[in-house]
Amino acid sequence: MRILGLDVGEKTIGVACSDALLMTAQAVGTIKRQSKKKDFAQLAAVCREREVHCIVVGKPSHMNGDRSENMEKIERFVSELKEAVPEPDIVYWDERLTTAMARRQLIAAGVRREKRKGVIDTIAAVFILQNYLDAQGGNHG
């Protein structure tokens, strides 16, 4: 069983998945948002293929911990995802600074701006999931 990490945006969903030992997060890719039905079908397929038992969704908060404007959209997305893909448990995880960390890592690696745009959400999902895995210390999902 594995854990999936999601960085949910308006245009894309960054996807990462844990290894079988639940120690490391690896990039899966980016889903270009089309319709909720298609988005959820793609996520359901990833969950089946990788035997996912838990989904970790990035929770957008302000730096002071207050709810961001996007949180309501994310909560609605998660509520609908639970109906469409009822099997894995879904938990929220703080995603503050993950996009900034992803951007810095890509810049440091010399990835050009136009290329960064296509992978930044996936890298942010990796950071969200890895932070979750590290914080669990072996007590996963």
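The questions below concern a predicted model.

Q: What makes β2 and β3 a pair of strands?
A: Two strands pair if at least two bridges are found between them. Seven bridges join β2 (residues 12-18) to β3 (residues 25-32), and the two run antiparallel; they therefore count as paired. Ser-18 stands opposite Ala-25 in β3. Six residues lie between the strands of this hairpin, where Leu-22 takes a positive phi near 60°.

Q: How do you know that β1 and β2 pair?
A: The requirement is at least two bridges. β1 and β2 have five bridges in the antiparallel sense, so they meet the requirement. One of the residues involved is Leu-4, whose bridge partner in β2 is Cys-17.

Q: Why are β3 and β5 called edge strands?
A: The open sheet has five strands in the order β3-β2-β1-β4-β5, with mixed pairing. β3 and β5 (89-94) each pair on one side only, and they are the edge strands. Neighbouring strands of the sheet are turned by 25° against each other on average, direction ignored.

Q: Which helices pack on or lie across strands of the sheet, and at what angles?
A: α1 packs on the sheet and touches β1, β2, β3 and β4; its direction makes about 155° with that of β3. α2 lies across β1, β2, β4 and β5, and runs at about 160° to β5.

Q: Which residues have the most contacts inside the largest nonpolar core, and which elements supply it?
A: This core has 21 residues, and those with the most contacts inside it are Leu-4, Leu-6, Leu-43, Ile-55 and Leu-81. At least two residues each come from β1 (2-8), β2, α1 (36-49), β4 (52-59) and α2 (71-84). α1 gives the most, with five residues. Neighbours within four places in sequence aside, Leu-81 is in contact with Leu-6, Phe-40, Leu-43, Ile-55 and Ile-90. A second, separate core of 12 residues includes Leu-22, Cys-54, Ile-128 and Leu-129.

Q: Is Asp-121 buried or exposed, and how do you know?
A: The relative accessible area of Asp-121 is 18%, and buried means under 20%. Asp-121 is therefore buried. Asp-121 lies in helix α4 (residues 113-136) and touches Asp-7, Thr-12 and Gly-14, not counting residues up to four places away in sequence.

Q: Is Met-1 buried or exposed, and how do you know?
A: Exposed means over 50% relative accessible area; Met-1 has 56%, so Met-1 is exposed. Met-1 is found in the segment before β1. Apart from neighbours within four places in sequence, Met-1 is in contact with Ala-20, Leu-22, Glu-51 and His-53. Met-1 and Cys-47 are 46 residues apart in sequence and 9.8 Å apart in space, C-alpha to C-alpha.

Q: Why is the pair of Trp-93 and Tyr-132 called edge-to-face?
A: Rings pair if their centres lie within 6.5 Å, and planes over 60 degrees apart count as edge-to-face. The ring centres of Trp-93 and Tyr-132 are 5.3 Å apart and the planes stand at 85°, so the pair is edge-to-face. A search of the whole structure finds two aromatic pairs. Trp-93 lies in strand β5 and Tyr-132 in helix α4, so this pair ties together parts that are 39 residues apart in sequence.

Key: Residues are numbered from 1 along each chain as its sequence is written. This is a predicted model: local features need pLDDT of at least 70, side-chain atom pairs count only at pLDDT 80 or more; totals for chains, interfaces and linings use all residues. Side-chain values use heavy atoms; hydrogens and water are left out. Helices (H or I, at least four residues) and strands (E, at least two) are DSSP runs, numbered from the N terminus. A nonpolar core is a set of buried Ala, Val, Leu, Ile, Met, Phe, Trp, Tyr and Cys residues joined through side-chain atoms within 4.5 Å. Buried means under 20% relative accessible area, exposed over 50%, partly exposed in between (1.4 Å probe, protein chains only). Contact means heavy atoms within 4.5 Å. Axes are lines fitted to C-alpha atoms, for helices over the stretch in contact, and angles run from 0 to 180 degrees between N-to-C directions. Rings of Phe, Tyr and Trp (its six-membered ring) pair if their centres lie within 6.5 Å; planes under 30 degrees apart count as stacked, over 60 as edge-to-face and the rest as tilted.
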